[in-house]
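The sequence and structure come first.

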Amino acid sequence: MEWLSLLVTIAVTVIISGWLVSNYILDFKRDLSYVALHEQSNMSTVRKENETAHYRNFLVPSGFPLTAGLGLSLGYRVRNGNFGDVWNAVMDLSNANSISFNSKSYSLSEINGMAKHILHSCFSKGDTAGGIGINVSPLTLEGFVISIAAMMGSLETNRVIPHLLASIPRHKMDTVDTLVLDSWHSYKMLNGSEHFWKLIIVCENSNEKAPKDVSDNVINFKQLIEGYHNDSDFKYTPPTDNSDDLKPFLNITSQWNTSTAFSHMNLVSSMAAFIKNFPADHSLTENDIITTLGYTSDVDMGLQMWCKTLAVLLHGGSARFLTDSETLSPSSSSPSKSLIDTLKSSTLLLIKSDILNKITKNIFPSQTTLFQSVKESWATTLLSEGIFTKMAQSNSNLFDSMRCIYLMETLVESDIISSFHQAEVKIPKLRSGQLKDTFSTTRLNRLRANFGSRLVVELYCPYIVIGPLSQTNFFDYRVFPQSLDTNFVCTGALSTSLEGKIIATDSNPNLDITKRQGMLCIRGFTIGKPIEKNRLENAATISKELANGEGWMPLVGVFGLWGQDGCLYLYK
Amino acid sequence: MSFIRNMLFGGVRTSEDPTGINGAAFASNNVGEPIVEGRFYPRTLYTYNGHDDEKIFIAIKGNVYDCTTGRQFYGPSGPYANFAGRDASRGLAMNSFDIEVIRNWDQPIDDLSNLTAADWDALNEWEQHFQGKYPCIGTLEPEPGIND
């Protein structure tokens, strides 16, 4: 009978230790308790009949103001701040940090020197002071420096403003008199419209491909920065009336030819919301390096990357941009050297879902050793319990420094939202495909395990809102039931600069407002303003007709629901 | 036990479904449903006094404001606790927190007819303060048969 008592003893020990582990030890090891994960938003206590309650991030309770800026002091007052304050602090802190473009690194004093040279020798001169139409991606050196110069100019004079363009304008633009093009090939596409512009800057330094009969008002980037000096000094003194904070910061024209204006307050609000979202002990430091992977043709990325890049630089960190085609669309099955080198030292990664989808296939081999598979399985089990681990990191030590990946999920039909077409306010029916290249929660956890890094899913509304609409919690590694994963994408709680509500629509009677389902509306400090007069008027009308006014912007055609955990779930 | 089983056989813990789409209850959620904006009678308004219900609603000049966030003022044992769940117009106008200036739910709604010009000024100022600070969530109307 001895063996029986032994068996019983073992069984009892296993059961008790299992119970202890699941009920006590795991609770101590979790990054965030389930209670916190299940209450990620504050909601108002009342709602209108055809709407849900107002939802806000847990960090900004009702009755407290939304995040509207950096909270700088001006004497005894608090001000929101603007690009001038940010760049002033960035240059004060600049030391060993740098910005690199496709592995070519530049110190901040070089970038600042070039930008100041461009501003003073060209942009703020009387004859060419006006909007700077930029048809070159700010993810490249030329685009970045010219944008910074124009942003500096936007505070000095009301006329200079960077205007990102998705395509070469076919008509003369009243607010733009300098055009920046990426290549001589684009220049040739001007097709006789050179005289529309006072100055044309071509960012291709070799003149080999230049046509013979180049117009007089054309210079290349090399000529533009000729004679610049490294300069680590940028001083900005705010006016006492805070008027600079509301000045225009950047304009953007989408491929659907709709233009939106963003103010300095929009920028600092989205920067502050980003900074605020880091949990204690994980905040930004001077050791952070943010890498942005994006296509140069992606104009919206040229808008969205500013808040994160400037926030990291503001803490004394560095920024990297990778745009080369070998990295983004690799021809071979192995990842490019520049990608590996860049990711090796990066701590943060900003990437769109389609690119992440492509590069992970190359980085992580599909066939792994048995040992690696077991480690991956353990890591995903622990993650699903809410415990972060680096044990299953692939390509040992390659991603050692990586601490968070920002996965950008972008609304596909943002042209419908940004058109504000009042005459056709016919709200579309819910159909699949609101987002493309979405990831299941199981796959997200496998990526967290393989990278050995946190991963935050962010929802973006291109061209209209700067920074994310919402993002998942830094510590949220929940795995949802398959029925949820196949129908919804969890995009987390709203940004602290925005608040949201969901409204019932006539065209989708099957979405039940009492179950918090319907069309999304937002209001807050990171939403841009339509430039065209008719779009601006239509936006106001739509807001009033669909969302009861009060500053709410309906995102026409964006359908989702509020989860009982306070997160926004979009229909796939 | 499921954790050990998952570690041994490669499973994951599946979280609760917060969408409620499949009818699954969300155990962790104990937050009450939001109230639909609309018409209140003195009788229905009185429930929201911070004691019987956690929410605090106060009526001023026929409009009902949600003052839940001002619990330290209007909540039980707060300085203005008498106003919670009632029509506070006369009290605010006369700058009095006494129970005498507030009517019970079964009395007719105060028509404020005998207020002086100074009282009206004070009341309008208070109204502006409430409009700026708290969301207006409906109107206060007499209940037929009770507040006639």
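## Basis

This is a predicted model, in which local features need pLDDT of at least 70 and side-chain atom pairs count only at pLDDT 80 or more, while totals for chains, interfaces and linings use all residues. Residues are numbered from 1 along each chain as its sequence is written, chains are lettered from A and ligands numbered from 1 in the order in which they are written, and side-chain values use heavy atoms, with hydrogens and water left out.

## Chain B overall

Chain B contains five helices and five strands; helices (H or I, at least four residues) and strands (E, at least two) are DSSP runs numbered from the N terminus. Read from the N terminus, the order in chain B is α-β-β-α-β-β-α-α-α-β. The radius of gyration of chain B is 22 Å, well over the 15 Å that the globule rule gives for 148 residues, so chain B is more spread out than a compact globule. The radius is taken over C-alpha atoms, and the rule is 2.2 Å times the number of residues to the power 0.38. Along the principal axes, the C-alpha trace of chain B spans about 80 × 35 × 25 Å.

Of the 148 residues in chain B, 39% are buried. Buried means under 20% relative accessible area, exposed over 50%, and partly exposed in between (1.4 Å probe, protein chains only). The accessible surface of chain B is about 8,000 Å², and carbon and sulfur atoms hold 50% of that surface. Among contacts in chain B with a separation of 6 or more, 60% join residues 24 or more positions apart; a contact means heavy atoms within 4.5 Å.

## Helix α13 of chain A

The expected span is 1.5 Å times one less than the number of residues. The buried residues of α13(A) include Q372(A), K375(A), E376(A) and A379(A). Their cover includes α2 (34–37) and α15 (441–451) of chain A, together with α1 (2–9) of chain B. Just after α13(A), G386(A) has a positive phi of about 95°.

## Helix α8 of chain A

Helix α8 (residues 264–276) of chain A, with 13 residues, reaches 18 Å from its first C-alpha to its last, close to the 18 Å expected. In α8(A), 11 of the 13 residues are buried, among them H264(A), M265(A) and F274(A). The elements covering these buried residues include the helices α3 (83–93), α5 (141–156) and α9 (299–314) of chain A, along with the strands β13 (248–253), β14 (259–263) and β18 (404–410) of chain A.

K116(A) sits in helix α4 (residues 108–123) of chain A and is buried, at a relative accessible area of 17%. Leaving aside residues up to four places away in sequence, K116(A) touches M152(A), D231(A), D233(A) and F234(A).

P330(A) is in the loop between α10 (325–328) and α11 (337–345) of chain A. With 22% relative accessibility, P330(A) counts as partly exposed. Not counting residues up to four places away in sequence, P330(A) touches S325(A) and N362(A).

Key
Accessible areas come from the Shrake-Rupley method with a 1.4 Å probe; for residues, only the protein chains shown count as cover.
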